[in-house]
Amino acid sequence: MTMPTNTLRHLPATHLWLHRLNKLQKLHSSASLSPSPFTQDPQQQRQQERTQKTQQTRLSNSDKNIKNDIVESIGVNNNSNSFFPKRGQTLELVCESLAFKGKGVCKVPDTGFVLMCDRALPGERFIGRVTRRKGSYAEVTKVKTLSPHLDIVDAPCEYAAYCGGCKTQNLVYEAQLKAKEQQVHGLVVNVGKFSDKDPEFYSIMKPIVPCDFQFHYRNKMEFSFGPQKWLPKELIGEKQEGSESYALGLHAPGFFDKVLNVDGCLLQSEPANTVLATVQDCWRDSVGLTPYNVYSHAGFLKHLMLRTGRNAESGSLELMVNFVTSSYKPELLKPLMEKISAIPEVVSIMNNVNSSVGNTSVGEEEYTLYGKSTITEVLRGLTFQISANSFFQTNTHQAEVLYKLIEDCAGLRGDGSEIVLDLFCGTGTIGLTLARGAKHVYGYEVVPQAISDAFRNAELNGITNATFVQGDLNKIGENFGNNFPKPDVVISDPNRPGMHMKLIKFLLKLKAPRIVYVSCNPATCARDLDYLCHGVKEQNIKGCYKLKSLQPVDMFPHTPHIECVCLLELC
Ligand SMILES: C[S@@+](CC[C@H](N)C(=O)[O-])C[C@H]1O[C@@H](n2cnc3c(N)ncnc32)[C@H](O)[C@@H]1O
């Protein structure tokens with residue numbers, strides 16, 4: 001768990017406003033943070049509330065239930081009679097732990113009512129203002145730190161306090177790991193209903209696997225263009241005009257329309273930072289390169305996506321630069337391309353054209369402007385070709401660790417006699433790494449492009465015993481399972497909502513000897529483990545699996561994300 005010294009290098013505070021901000025923060029010695037780091041005019045505030053309302057109504061019932069379960073996982077059953085937080089009320093609070101989205105958990109003394117606070121760290125004492133009540137808990141905004149957490153460190157990134165990416169850069173890494181481990185423990189006990197009084201519990205729950213590299217670990221970053229730089233409240237007076245106010249950077253936390261201009265990101269590779277700095281240097285001076293406006297839908301540049309891979313033969317880094325634009329006008333990108341293609345690691349410049357009013361980065365059309373259309377990456381000895389929109393694990397180094405754990409849990413005999421079912425297979429990476437020791441791998445995935453990538457990856461690596469099928473695992477019918485033999489091992493790697501009840505029922509009926517459940521959301525993971533092991537009482541369904549091990553893995557230091565690899569064996 002060492003941090004390479006070069007990763008601690010501070011980005012130079014290139015902007016006057018950042019210099020001033022750093023100074024201001026030092027003066028206030030982290031004791032005086034404004035309720036919101038970003039200014040909001042009333043119209044913006046209303047827009048934010050409307051967006052959040054829409055997002056809330058989109059939450060499915062199961063999402064709502066799991067949120068309540070998560071609050072329970074903090075160890076409190078909030079009784080609404082015990083405490084009615086009023087909007088605007090200020091309270092002195094102590095942050096106890098971190099919960100979903102990295103929010104700090106605090107409890108009202110005496111009643112134990114749960115309050116969640118963004119960017120509050122475990123052990124920190126602060127004054128919080130109640131912003132809204134959300135079902136069984138309320139949200140507070142930090143007004144002033146009274147005493148900081150003991151494990152506080154200087155965040156190496158100058159944008160850390162404002163950017164939506166990193167939430168805990170100012171917490172020493174060991175404390176980040178401890179907080180993540182505690183979060184998983186709470187969820188497994190309270191949502192998963194596994195007792196930590198059981199003598200076996202601590203041999204099942206493994207300590208979290210740290211990430212060797214806490215910076216420069218991301219192989220893919222997406223930056224957005226915007227017509228206005230989003231400034232912290234303290235520095236709003238320094239607003240710039242004209243093209244100088246155009247932004248290229250990361251979204252302010254929770255805002256799809258506000259872009260914090262950044263010159264570099266400590267989570268991506270050094271060559272990717274060189275590309276970003278090169279684009280920042282010249283895009284505002286180039287004629288016709290206007291940023292896309294998410295309200296008026298005018299403008300050309302939508303996103304800049306940077307992917308870092310490795311040349312399979314030489315092992316050297318190679319970079320793909322992908323411009324997402326609202327129309328196809330390659331002549332406008334020419335001046336940028338000339339500068340970027342001179343960077344030795346850049347082997348591919350792509351243009352995804354997305355003319356829809358939505359702000360997604362996948363284009364209806366894709367053009368290769370320079371070099372090749374894919375880059376390669378090596379994982380567990382296999383070579384993968386990655387196109388601009390392919391899904392690939394975003395931390396390659398830690399994916400090696402994760403996939404080794406998955407292989408160990410799968411426990412294939414290696415004699416080529418066993419069948420593997422790889423659910424939510426993406427581009428087939430897990431299944432393909434297991435195919436060497438299996439008789440046949442069957443992968444299921446909803447995205448058609450990922451399925452064609454999986455077939456191409458199989459071919460590239462000379463793997464002939466893998467079949468990939470496109471289909472929605474939330475909509476499986478009675479016939480699902482008729483097209484493949486009974487598996488010896490099921491790998492299930494769903495995205496954040498976890499597994500649909502239809503799939504849980506299918507697995508309980510299928511009764512494969514082993515299930516390796518890989519999860520990027522410990523809350524839905526704990527819920528699904530409960531269903532598979534203890535059953536679903538309301539539906540009179542019995543569980544038939546025993547949890548043998550649960551291994552949290554830190555794939556994304558400084559962010560709230562936690563990955564878990566769980567091994568279940570048929571009782
Ligand atoms: C966490 S990723 C795992 C990808 C892959 N196992 C890997 O390690 O690279 C989850 C995958 O599930 C797919 N997915 C999401 N919902 C799905 C559904 N309802 N049916 C099938 N696949 C789905 C996503 O497209 C994504 O590729």
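**Note on the predicted model**

1. Asparagine 190 is partly exposed, since 19 other C-beta atoms lie within 10 Å of its own, and a residue counts as buried only when 20 or more do so. This asparagine belongs to helix H4, which covers residues 173–190. Asparagine 190 and arginine 527 are 337 residues apart along the chain, yet their C-alpha atoms are separated by 9.4 Å. As with everything that follows, these values were computed from a predicted model.

2. Turning to the protein as a whole, the secondary structure comes to 12 helices and 21 strands. The protein has 571 residues, of which 42% count as buried. Among the contacts with a separation of 6 or more, 66% are between residues 24 or more positions apart.

3. Strand S5 (residues 137–147) has two pairings to look at. With strand S3 (residues 114–117) the pairing is parallel and runs over 3 bridges, whereas with strand S4 (residues 125–134) the pairing is antiparallel and runs over 9 bridges. Glutamate 139 in S5 stands opposite methionine 116, and glutamate 139 also stands opposite arginine 132. S4 and S5 form a hairpin with 2 residues between them, and in the turn glycine 135 has a positive phi of about 60 degrees.

4. The next point concerns the nonpolar residues. In soluble globular proteins, nonpolar side chains tend to be buried together. Here the largest nonpolar core has 117 residues, and those touching the most other members are Val275, Leu306, Ile406, Ile491, Val516, Val565 and Cys566. Helix H8 (residues 396–410) gives the most to this core, with 7 residues. Because domain 1 (220–379) and domain 2 (392–570) both give residues to this core, it lies between them.

5. Isoleucine 406 can be followed in more detail: leaving aside residues up to four places away in sequence, isoleucine 406 touches Ile430, Ile491, Val516, Val518 and Val565. There is also a second, separate core of 19 residues, which includes Val114, Leu115, Ala138 and Leu171.

6. Which strands stand at the edges of the open sheet described here? The sheet is formed by 7 strands in the order S17-S16-S15-S18-S19-S21-S20, with mixed pairing. Strand S17 (466–470) and strand S20 (545–553) stand at the edges, and each has a single partner strand, so one side of each is left without a neighbour in the sheet. From one strand to the next, the twist averages 15 degrees.

7. Two packed helices are described by the angle between their axes and the distance between the axes. For helix H11 (residues 501–510) and H12, the axes come within 10 Å and cross at roughly 35 degrees, and the crossing is right-handed. The residues that meet are Ile504, Leu507 and Leu508 in H11 and Asp528, Tyr531 and Leu532 in H12.

Methods
Residues numbered from 1 in each chain as written. Predicted model: local features only at pLDDT ≥ 70, side-chain atom pairs only at ≥ 80, totals over all residues. Helix = DSSP H or I, 4+ residues; strand = E, 2+ residues; numbered from the N terminus. Buried ≥ 20, exposed ≤ 12 C-beta atoms within 10 Å, placed from the backbone. Contact = placed C-beta atoms within 7 Å. Pairing = 2+ DSSP bridges. Core = buried A, V, L, I, M, F, W, Y, C linked by C-beta atoms within 7 Å. Domains from an automatic or database assignment. Axes fitted to C-alpha atoms, helices over the stretch in contact; angles between N-to-C directions. Left-handed = near helix turned anticlockwise from the far one by under 90°.
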